[in-house]
Amino acid sequence: MTSSQKLVFQIRRDIVRMVHSNNSGHPGGSLGCTEFFVVLFFEIMKRKNEFEMNGFDEDIFFLSNGHISPVFYSTLARAGYFPIEELSTFRNINSRLQGHPTTHEGLPGVRIASGSLGQGMSVAIGAALSKKMNGEKNIIYSLHGDGELQEGQNWEAIMYAAANKVDNLICTIDNNNKQIDGDLKDVLDLGDIESKFKSFGWLTINLENGNDLDDVSQALKYAKNKCFNGKPIVIIMKTVMGNGVDYMMGTHKWHGVAPNDKELETALNQNPETLKDY
Amino acid sequence: MFGFKNYGNNDTRSGFGVGLVEAASKNKDIVALCADLTGSLKMNDFKNKYPNRFFQIGIAEANMIGIAAGMTIGKKIPYTGTFANFSTGRVYDQIRQSVAYSNKNVKICASHAGITLGEDGATHQILEDIGMMKMLPGMVVINPCDFNQTKAATIEISKYNGPVYLRFGRPKVPNFTPENQNFEIGKGIRLVEGSDVTIVCTGHLVWHSIESADLLKEKGISAEVINIHTIKPLDEEIILKSIEKTGCVVSAEEHNTIGGLGESVASLIVKNKLVPMEFVGVNDQFGESGKPSDLMKKYGLSKESIIDSCEKVLKRK
């Protein structure tokens with residue numbers, strides 16, 4: 001088993017245990033993006049060990065769809081930003097691990113509050129412009145839900161980034177085709193996401209299997225190589241909601257529902273402990 | 001008039017424009033963003049002088065607030081510029097999450113606030129912005145009274161690390177506070193000393209309050225005028241000290257009486273020293289088209305309203 005595979009199993013365990021512990025949180029989207037987080041944080045991003053808000057001389061990541069905080073928190077802890085045991089405080093009172101990520105409690109690794117959807121791309125653009133003004137060659141990464149694209153602010157941001165050649169920016173869309181009320185096409189059909197980005201002037205990359213570590217790695221490396229060429233970049237990443245826990249896969253029902261004791265046991269049986277539970 | 005002199009009418013938004021250029025000349029991290037209202041916000045000089053630090057966002061205020069929040073990561077100090085309506089109500093959630101809750105060093109600079117925006121009418125005349133902004137934890141809310149004070153405030157907020165809402169207006173109004181004054185965030189200024197009634201005022205109503213105090217003097221009433229340019233954090237000490245002496249208070253502002261400076265003062269006196277109070281402001285209404293001076297009269301934002309309120313509150317002592 002590679003170190004990335006180990007991380008995937010362990011982060012999945014963290015996710016289901018965290019949401020189970022206080023019977024709340026969002027396991028579906030978190031599990032669907034686990035491979036993306038592992039590749040981005042442990043292979044792709046140029047990061048410093050110590051967290052510093054300004055992120056000078058390093059790559060920066062923003063999570064726009066803040067409800068998938070379990071995968072974000074587990075990744076940050078496993079990457080060494082804060083003690084792994086702190087994952088046990090998820091959504092508890094007096095915790096730095098709020099239901100949705102925030103800078104407010106000073107959790108290392110988080111640079112903006114997110115949760116109210118549609119705001120992260122604008123923030124990512126701002127940070128990208130800041131990097132350019134500071135003469136840095138680092139990259140801004142961000143993750144967004146596909147349902148989140150229903151928020152209008154995204155399209156203001158998509159228009160702006162292309163018109164102003166924000167080319168140190170790689171936005172990834174978690175394209176699981178699911179949102180709380182059901183399938184995207186039934187709630188509000190987004191149509192062809194790729195052609196929309198393309199027509200706004202973005203470089204688009206289709207990632208057919210966002211739950212395959214090699215494919216994710218390849219797509220992110222390709223995107224990285226395409227930076228600084230006058231265009232913002234979007235990766236449309238197809239994922240399966242709930243990936244890695246069979247009964248959660250491919251249904252919107254586990255968007256924001258926690259497993260019970262028996263369901264947790266099943267989920268853990270499907271994902272062996274590789275790096276020690278918190 | 002109490003030693004005050006009008007150096008010549010000027011608009012507070014021009015004070016912002018001049019202050020922005022001056023602040024930027026001293027701090028290279030200051031950047032400015034505008035949502036297609038560069039001329040109206042008087043940001044042209046900044047744009048021409050610092051083209052690489054000016055960002056034309058287009059008619060997309062939500063994106064502007066988000067970009068500004070992001071720019072602070074990398075140590076920039078963004079000043080966003082658009083009308084007060086589009087600086088607050090339109091982008092409340094963006095300010096709440098990406099700026100206030102995230103504690104980002106963004107300066108939200110809002111012109112054409114209040115009813116003196118005039119002819120464009122109620123769609124653009126926001127009278128609720130102070131209320132919305134002061135309710136956000138950690139947000140500093142500043143509403144200067146003239147060109148010089150707006151200029152000084154614009155420069156001073158660049159030295160303060162945290163979110164600020166800076167509110168100013170469209171019309172040319174008397175410019176009477178000192179040039180190159182020292183602006184202290186959260187510090188009220190006693191403009192006129194008096195003993196019978198305290199007038200706590202902000203923004204365009206400050207000059208009217210001084211004029212009112214002058215007219216009240218002729219009637220034998222001694223009014224103390226306190227300029228509160230920073231509505232949050234409120235200078236509690238200067239207000240409490242004054243009402244201790246006068247025993248009654250009138251608030252005056254170009255804002256809905258619900259949610260404005262008056263409400264902050266009322267909350268203060270209820271908790272400390274209960275005295276009679278009257279409110280000069282817009283009485284829970286939307287505005288309408290018209291000349292600023294006519295609108296001020298019609299909506300009760302005149303000298304007459306201040307004087308009436310002072311006489312009324314004195315009778316309740």
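In this predicted model, residues 24 or more positions apart account for 75% of the contacts in chain A with a separation of 6 or more. For chain B, 80% of the contacts between residues at least 6 apart in sequence join residues at least 24 apart.

**Chain A: overall build**

- Chain A contains 10 helices and seven strands.
- Its radius of gyration is 17 Å, which agrees with the value near 19 Å that a compact globule of 278 residues would have.
- Along the principal axes, the C-alpha atoms of chain A occupy a box of roughly 50 × 45 × 35 Å.
- Buried residues represent 51% of the 278 residues of chain A.

**Chain B: overall build**

- Chain B comprises 12 helices and 14 strands.
- The radius of gyration of chain B is 19 Å, close to the 20 Å given by the globule rule for 317 residues, so chain B is as compact as a globular protein of that length.
- A box of roughly 60 × 35 × 35 Å, taken along the principal axes, holds the C-alpha atoms of chain B.
- Of the 317 residues in chain B, 61% are buried.

**Interface between the chains**

- The interface brings 28 residues of chain A into contact with 22 residues of chain B.
- On the side of chain A that touches chain B, the elements giving two or more residues are α5 (120-133) and α6 (153-163) of chain A.
- Helix α5(A) supplies the largest share of that side, with 10 residues.
- By class, the side of chain A that touches chain B consists of 12 nonpolar, 13 polar and three charged residues.

**Helix packing in chain A**

- Helix α1 (residues 3-21) of chain A packs against α10(A) at an angle of about 170°, and the two axes are 10 Å apart.
- Because angles over 145 degrees count as roughly antiparallel, α1(A) is roughly antiparallel to α10(A).
- Helix α1(A) contributes Arg13(A), Val16(A) and His20(A) to the contact, while α10(A) contributes Leu264(A), Ala267(A) and Leu268(A).
- The residues of this contact of α1(A) with α10(A) divide into four nonpolar, one polar and one charged.

**Backbone features**

- As background, most residues other than glycine have a negative phi, and most peptide bonds are trans.
- Lys276(A) is not a glycine, yet has a positive phi of about 75°.
- This lysine, Lys276(A), is located in the segment after α10 (261-269) of chain A.
- Lys276(A) has 8 other C-beta atoms within 10 Å; a residue with 12 or fewer counts as exposed, so Lys276(A) is exposed.
- Lys75(B), also not a glycine, has a positive phi of about 75°.
- The position of Lys75(B) is in the loop between α3 (61-71) and β4 (77-83) of chain B.
- Lys75(B) counts as partly exposed, because it has 14 C-beta neighbours inside 10 Å.
- A cis peptide bond, with omega near 0°, runs from Lys232(B) to Pro233(B).
- Pro233(B) belongs to the loop between β12 (230-232) and α9 (236-246) of chain B.

Definitions and conventions
Residues numbered from 1 in each chain as written. Chains lettered and ligands numbered in written order. Predicted model: local features only at pLDDT ≥ 70, side-chain atom pairs only at ≥ 80, totals over all residues. Helix = DSSP H or I, 4+ residues; strand = E, 2+ residues; numbered from the N terminus. Rg over C-alpha atoms; globule rule 2.2 N^0.38 Å. Buried ≥ 20, exposed ≤ 12 C-beta atoms within 10 Å, placed from the backbone. Contact = placed C-beta atoms within 7 Å. Nonpolar A, V, L, I, M, F, W, Y, C, P; charged D, E, K, R; others polar. Axes fitted to C-alpha atoms, helices over the stretch in contact; angles between N-to-C directions. Parallel < 35°, antiparallel > 145°, perpendicular 65-115°, else oblique.
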